[in-house]
Amino acid sequence: MTFKAPDSLSEQIAQHLAERIIRGELKERERIQEQKVTQAMNVSRGSVREALLILERRHLITILPRRGAQVSELTQQHVRSLYTLVMELYILLGYAVAEHWRSEEDLLPFRAIQQRLAEAREREDILAFVEASFAIMQTAYPFADNPYLQQTLDNLQPAIARTYYIALERRRGQMGQFGEVFDDLLQAVIARDQSRIREVLLGYGKQNCDLVLAALAER
């Protein structure tokens, strides 16, 4: 594989490796050797090193002294810790949208996502459903206008996506329920009801976390 855009080369390499980790093609504690990646992708070793640092920031790999990079482990404790943090960050986003939306026009992007979720449920298309779920986060960013929150969530998104893949078939059976969660969340945002926003998102986080933990227990 040869990439054409030198100004974003490391990011492209990181994205390629991230997708393999998220899909489970690269397994936990599997080594990622710079030389092999360099040769396989026809890129410079410096670009690969930078890509690995990006993946480390995104919690997909661990770089160990004298041992190099390896795919990070995903234990039950890691999953619990991840969901505990991410749900609090999602709650902050929910609060920001509730506080700053002013007209129906502001809500139209969220209603479009609501429709995408419903269509994905009808097709039983779990990947489209997950993609639409992350679009909620992206759409909420301008309301928060908080680059620190956005950067933190962007760096955590691949780790969350990885957990979704682990519980993929279980999530397929829960799509209808998760769609109802977003419907409830949108109503709470429109009502500017912070306590309800928190309640809905914490419940959603627990459901997701429990699905992933159950999948991990069966591996």
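How many nonpolar, polar and charged residues does the lining of the largest pocket have? By class, that lining has ten nonpolar, two polar and five charged residues. Here Ala, Val, Leu, Ile, Met, Phe, Trp, Tyr, Cys and Pro count as nonpolar, Asp, Glu, Lys and Arg as charged, and the others, Gly among them, as polar.

This is a predicted model, in which local features need pLDDT of at least 70, side-chain atom pairs count only at pLDDT 80 or more, and totals for chains, interfaces and linings use all residues. Residues are numbered from 1 along each chain as its sequence is written, and side-chain values use heavy atoms, with hydrogens and water left out.

**Exercise 1. Describe the two domains.**

Step 1. Take the bounds from the domain assignment, which is automatic or from a database. Domain 1 covers 9–71 and domain 2 covers 76–217.
Step 2. Look at the contact (heavy atoms within 4.5 Å). Domain 1 gives nine residues to the contact and domain 2 gives seven.

**Exercise 2. Work out the sheet.**

Step 1. Strands (E, at least two residues) and helices (H or I, at least four) are DSSP runs, numbered from the N terminus. Two strands pair if DSSP finds at least two bridges between them.
Step 2. Find the order. Three strands form an open, antiparallel sheet in the order 1-3-2. Strand 1 (31–32) and strand 2 (61–64) are the edge strands, each pairing on one side only.
Step 3. Count the bridges. Two join strand 1 to strand 3. Four join strand 2 to strand 3 (residues 68–71).
Step 4. Ile-32 stands opposite Ala-69. Ala-69 is also the bridge partner of Ile-63. Thr-62 has Gln-70 as its partner, and Leu-64 has Gly-68.
Step 5. Check the turn. The hairpin of strand 2 and strand 3 has three residues between the strands, and Arg-66 takes a positive phi near 65° there.

**Exercise 3. Locate the largest pocket.**

Step 1. Define it. On a 1 Å grid over the protein atoms alone, a pocket is an open set of points with protein on both sides within 12 Å along at least five of seven lines; a cavity is a set where a 1.4 Å probe fits but cannot get out; lining residues have an atom within 4 Å of a point.
Step 2. Give its volume, the space filled by probe spheres set on the points, where grid points are joined across faces, edges and corners. The value is about 430 Å³.
Step 3. Name the lining. Of its 17 residues, Gln-15, Ile-22, Phe-134, Gln-157 and Ala-161 are the closest to the centre.
Step 4. Name the elements. Helix 1 (9–22), helix 6 (126–144) and helix 7 (147–166) give two or more residues each.
Step 5. Tie the pocket to the domains. Domain 1 and domain 2 each supply at least three lining residues.

**Exercise 4. Which helix gives the most to the lining of the largest cavity?**

Step 1. Count the cavities. The structure holds one of 30 Å³ or more. The largest cavity has a volume of about 380 Å³.
Step 2. List the lining. It has 22 residues, with Ser-133, Ile-136, Phe-182, Leu-185 and Leu-201 nearest the centre.
Step 3. Find the suppliers. Helix 4 (76–100), helix 5 (104–123), helix 6, helix 8 (168–190) and helix 9 (194–217) each supply at least two residues. Helix 8 gives the most, with seven.
Step 4. Sort by class. The cavity lining has 19 nonpolar, three polar and no charged residues.
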